[in-house]
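Subject: The structure I promised you

Hi,

Have a look at it first, then read on.

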Amino acid sequence: MLKRLRIKFIAVIMSIVTILFIFIFGLVLHLTKQTAERESIQMMRSMAFRPPSSAPMNKPDNMPDNIRLPFFTVNIRDNGEITAFGSDYYDLTDKELLKKLVDSVDERAKESGVLSEYDLRYIKSDNGRMKAIVFADISSEKAMIKGLIKNSVIIGLIGYAVFFLISLLLAKWVTKPVEKTWNEQKQFIADASHELKTPLTVIMTNAEMLSDKSYSDSDRDGFTQNILSTSKRMRGLVESLLELARLDNNRAKIKLVAVDLSKLTNDSILPFEPLFYENDMELSAEIDNNIKVEGDKDKLRQVINILLDNALKYSDPANKVTVKLKQYSSECTLSVSGLGTPLTKEDLENIFKRFYRVDQARNDGQSYGLGLSIADSIIKEHNGKIWAESENGYNTFYVSLPL
């Protein structure tokens, strides 16, 4: 998929570059051609409308300074006599050639034009007594256009190659977030499949043993309890996965209301106090009063429960877990701190990723590594920040929310 995406990106970039090159070089070629043609015609008009007396015969060195192209003028008198003067670039004594040129011009109705077979541009002039036709050589003009086309092609190919290399780098850079998301999604599916596989195996094994009549009633009751407890665990996993899916797709809309975070934190701590007591752990709180935020009360309660549950599972027994809620100028910070296995730098970077668990040895089978990931998604929905720090053996999780 990523390869096809990069190819499409490169194809789009190169198509745009091709269109731009065609437009730019085409415009330059068109304007250059028009400019050369306009200057040539202006020069020819200046010669066509000069008084006959000011046109010295066969004296090209006396021509005006603005005359640059090889040209000559053919005069046709009423009696048909043809005379020519101008640049010595041409053999103006060849009456037969001059007659062919005049006849070719007479066949054309336009006042000016091009005789492609002779590489000449012409312009007619008629002062009543005598017709005049000014001819200018356009071979140098055509050579200039050909050279411009050749240079444009060379520059275009070089530019095309450079933009192709740039597009390769851009494609890799642009698709990097997509690649990261894609890899995370594949890892998420693999981890979810693994987590679901274990309880399903337990359920199937106990179901097979339950159907075996050789086991006693007490054993069969044990198999039933195993199936029931494992099913509850699997339901918890599925609900967590659905919650993450809803958060990812923004389907779980936040109900923004004024929430008394101080009261919400105190209320969330109460159900956990017996659990900490049973584990010979102390739970203390330092909570500032009347801290209010805009948010979803149920979701914020879920975040607090996740942090407290995480502290209960991974803090050392016979130690104190401290919950603090402090107010600052434009934000408030909630922290849950406890003594436990120090988190490494790698742990601090990955701990909010899905299915990431630090201490596998202390995993009681009830944790799937999804709680902190869900908390991270909820806090981001509230335009807040969540992070972890580890110092002197104490692991602290922080949540910062705007007031």
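Below is what I found in it, part by part.

One thing before the details: this is a predicted model.

**The helices**

Let's start with α1, which covers residues 2-48. L31 sits in this helix, and L31 belongs to a nonpolar patch on the surface together with V12, I16, L20, F23, I24, L27 and V28. Together these residues have about 700 Å² of accessible area. L31 itself has a relative accessibility of 42%, so it counts as partly exposed.

Some residues of α3 are buried, namely E141, I145, S152, G156, G159, S167 and A171. Keep E141 in mind, as we'll come back to that residue.

Then there is α4, residues 176-210, which contains L210. What does L210 touch, if you skip residues up to four places away in sequence? The partners are R220, F223, T224 and I227. Take T224: it is 14 residues from L210 in sequence, and the two C-alpha atoms are 7.3 Å apart in space.

Finally, look at α10, residues 371-381. Eight of its eleven residues are buried, so the rest of the structure largely encloses this helix. The buried ones are L372, S373, I374, A375, D376, S377, I378 and I379. Leaving aside neighbours within four places in sequence, D376 is in contact with F352 and I386. Just after α10 you'll find N383, which takes a positive phi of about 60 degrees.

**The nonpolar cores**

How many residues does the largest nonpolar core have? It has 43, and those with the most contacts inside it are L261, F276, L283, L307, F397, V399 and L401. Helix α8, residues 297-314, gives the most to this core, with eight residues. Not counting residues up to four places away in sequence, L307 touches L334, V336, L372, F397 and V399. L372 is one of the buried residues of α10, while F397 and V399 are in that list of residues with the most contacts inside the core. Apart from this core lies another one, of 15 residues, including L92, L98, V102 and I133.

**The salt bridges**

Side chains of opposite charge can pair when their charged atoms come close. The structure holds nine salt bridges, and here are some to look up.

- K131 and D106: their closest N and O atoms are 3.9 Å apart. K131 is in strand β5 (residues 130-137) and D106 in helix α2 (residues 95-106), so this pair ties together parts that are 25 residues apart in sequence. K131 is partly exposed, with a relative accessible area of 35%, and D106 is partly exposed too, at 42% relative accessibility.
- E141 and R121: here the closest N and O atoms are 3.0 Å apart. E141 lies in α3 and R121 in strand β4 (residues 120-126), so the pair ties together parts that are 20 residues apart in sequence. Are these two buried or exposed? E141 is buried, with a relative accessible area of 10%, and R121 is buried at 5%.
- K326 and D288: this salt bridge is 3.7 Å, N to O. K326 is in strand β9 (residues 320-327) and D288 in the loop between β7 and β8, and the pair links distant parts of the chain, 38 residues apart. K326 counts as partly exposed at 28% relative accessibility, and so does D288 at 27%.

That's the tour. Happy clicking!

Conventions:
Residues numbered from 1 in each chain as written. Predicted model: local features only at pLDDT ≥ 70, side-chain atom pairs only at ≥ 80, totals over all residues. Heavy atoms only, no water. Buried < 20%, exposed > 50% of the residue type's maximum accessible area, 1.4 Å probe, protein only. Helix = DSSP H or I, 4+ residues; strand = E, 2+ residues; numbered from the N terminus. Patch = residues over 30% accessible without salt bridge, like charges linked within 9 Å, V, L, I, M, F, W, Y side chains within 5 Å. Areas by Shrake-Rupley, 256 points an atom, 1.4 Å probe, with all protein chains shown as cover. Salt bridge = Lys/Arg side-chain N within 4 Å of Asp/Glu carboxyl O. Core = buried A, V, L, I, M, F, W, Y, C linked by side-chain atoms within 4.5 Å. Contact = heavy atoms within 4.5 Å.
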